[in-house]
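Visitor: Could you walk me through this one? I'd like to start with the inside and then go on to the charged and aromatic side chains.

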Amino acid sequence: MGLVRLRLARFGSIRRPFYRIVAADSRAPRDGRFLEVVGSFNPIPDKNGSKQIQVKSDRIKYWLGVGAQPSDRVAFILGKAGILPMPPRGFNPKKMVPKSERK
């Protein structure tokens, strides 16, 4: 078995995404075989304007303890949920330059 990753598996319909946070083998397809469902994320804001995040914090801590690596987006979601520290923001100096002046 390869590296275990905590990542998002997409569910829902066209233009109405819903994601499950799963522990999966890194070689498995995005929506394919997984080891365990450890949470869910609904990116569509509700009436209050908030996005819904549900996590099983004890199971996420277990998977992180045995060496699972979260994907970038899952690390951000877990940072919002208070389970992990917020990851550093990406730094892309090309985006600081206006598009017309880029090479």
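Visitor: Which residues touch the most other members in the largest nonpolar core?

Guide: That core has 14 residues, and Leu6, Ile21, Val38, Ile60, Trp63 and Val74 touch the most other members. A nonpolar core here is a set of buried Ala, Val, Leu, Ile, Met, Phe, Trp, Tyr and Cys residues joined through side-chain atoms within 4.5 Å, where buried means under 20% relative accessible area, exposed over 50% and partly exposed in between, with a 1.4 Å probe and protein chains only. Please keep in mind that this is a predicted model, in which local features need pLDDT of at least 70 and side-chain atom pairs count only at pLDDT 80 or more, while totals for chains, interfaces and linings use all residues. Residues are numbered from 1 along each chain as its sequence is written, and side-chain values use heavy atoms, with hydrogens and water left out.

Visitor: On to charges: how many salt bridges does a search of the whole structure find?

Guide: The search finds three, a salt bridge being a side-chain nitrogen of Lys or Arg within 4 Å of a carboxyl oxygen of Asp or Glu. One of them joins Arg27 and Asp25, with the closest N and O atoms 3.1 Å apart. In another, the side chains of Asp31 and Arg30 meet at 2.8 Å, N to O.

Visitor: Asp25 and Arg27, buried or exposed?

Guide: Asp25, which lies in strand β2, is buried, with a relative accessible area of 7%, whereas Arg27 is exposed at 61%.

Visitor: Which side chain does Glu36 meet in a salt bridge?

Guide: Glu36 meets Arg59, at 2.8 Å from N to O. Arg59 lies in helix α1 and Glu36 in strand β3, so this pair ties together parts that are 23 residues apart in sequence. Arg59 counts as partly exposed at 27% relative accessibility, while Glu36 counts as buried at 18%.

Visitor: Changing topic, how many aromatic pairs are there in the whole structure?

Guide: A search finds two. The ring centres of Tyr19 and Phe41 are 6.4 Å apart and their planes are at 25°, so that pair is stacked. Tyr19 is in strand β2 and Phe41 in strand β3, 22 residues apart, and the pair links distant parts of the chain. Tyr62 and Trp63 form an edge-to-face pair, 5.3 Å centre to centre with 70° between the planes. As for the cut-offs, rings of Phe, Tyr and Trp (its six-membered ring) pair if their centres lie within 6.5 Å, and planes under 30 degrees apart count as stacked, over 60 as edge-to-face and the rest as tilted.

Visitor: Where does the charged end of Arg20 sit?

Guide: The charged end of Arg20 sits over the ring of Phe11, 4.2 Å from its centre.

Notes:
Helix = DSSP H or I, 4+ residues; strand = E, 2+ residues; numbered from the N terminus. Lys NZ or Arg CZ within 6 Å of the ring centre and 35° of its normal.
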